[in-house]
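Q: I would like to learn how to read some features of a protein model. Can we take them one at a time, with the structure in view?

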Amino acid sequence: MVNVINEMNLNFLSRSYNEGFARTAVSAFVAQLDPTIDEIADIKTAVSEAVTNSIVHAYKNKLGTIYISSKIYENGRIMVKIRDKGCGIEDVDQAMEPLFTTGGSERSGLGFAVMQSFMDKIKVVSKIGKGTTVTLEKYIIRRPTKNAR
């Protein structure tokens with residue numbers, strides 16, 4: 001079993017401007033692993049998509065709370081869970097298909113596809129009327145620094 005070496009939890013209201021806060025908070029937490037700029041960008045983008053889904057789809061024109069928990073494991077695995085207590089997703093498989101959206105013509109339906117392309121693993125669990133949890137995982141391969149002993 002691989003040990004957790006650090007973790008953090010936060011929650012915030014489902015206001016659109018909190019998407020940037022969530023993205024920045026998670027990337028600051030992950031920065032302790034000294035990821036590349038591309039790795040940080042991938043994580044920020046995936047977190048942004050998951051949080052935006054909760055804001056736009058889960059709470060549909062009402063405020064709710066979005067919960068994020070992040071863990072870093074000693075093998076370099078990062079796990080980020082984005083959870084809401086919104087309306088839930090009726091058909092997760094269908095929702096994960098590229099271009100499928102319930103958000104109208106202003107939405108592209110690429111959120112889950114983007115998350116899958118930037119992360120090593122994504123899992124979505126949802127219950128109608130109870131909410132959705134998106135689990136994102138990525139491995140950050142630690143690079144030895146010049147001063148490491």
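Q: Is Phe12 buried or exposed?
A: The model is a predicted one. Residues under 20% relative accessible area count as buried. Phe12 has a relative accessible area of 7%, so Phe12 is buried.

Q: Which aromatic ring pairs with Phe12, and in what geometry?
A: Planes over 60 degrees apart count as edge-to-face. The model has one aromatic pair by this rule. The ring centres of Phe12 and Phe21 are 5.8 Å apart and the planes stand at 90°, so this pair is edge-to-face. Phe21 is partly exposed, at a relative accessible area of 42%.

Q: How do the strands form a sheet, and in what order?
A: Strands of a sheet pair through backbone hydrogen bonds, in either a parallel or an antiparallel way. Here five strands make an open sheet with antiparallel pairing, ordered S1-S2-S3-S5-S4. S1 (4–13) and S4 (121–127) are the edge strands, each pairing on one side only. From one strand to the next, the twist averages 10°.

Q: How many bridges join S1 and S2?
A: Nine bridges link S1 to S2 (residues 65–73), in the antiparallel sense.

Q: Which charged residue lies over the face of Tyr67?
A: Arg83 does, at 4.3 Å from the ring centre. Likewise, Arg77 lies over the face of Tyr73, with 3.9 Å to the ring centre.

Q: Which strands does helix H1 lie across?
A: H1 (residues 18–30) lies across S1, S2 and S3 (77–84), and runs at about 170° to S1.

How values were computed: Residues are numbered from 1 along each chain as its sequence is written. This is a predicted model: local features need pLDDT of at least 70, side-chain atom pairs count only at pLDDT 80 or more; totals for chains, interfaces and linings use all residues. Side-chain values use heavy atoms; hydrogens and water are left out. Two strands pair if DSSP finds at least two bridges between them. Helices (H or I, at least four residues) and strands (E, at least two) are DSSP runs, numbered from the N terminus. Axes are lines fitted to C-alpha atoms, for helices over the stretch in contact, and angles run from 0 to 180 degrees between N-to-C directions. Contact means heavy atoms within 4.5 Å. Rings of Phe, Tyr and Trp (its six-membered ring) pair if their centres lie within 6.5 Å; planes under 30 degrees apart count as stacked, over 60 as edge-to-face and the rest as tilted. Buried means under 20% relative accessible area, exposed over 50%, partly exposed in between (1.4 Å probe, protein chains only). A charge sits over a ring if NZ of Lys or CZ of Arg is within 6 Å of the ring centre and within 35 degrees of the ring normal.
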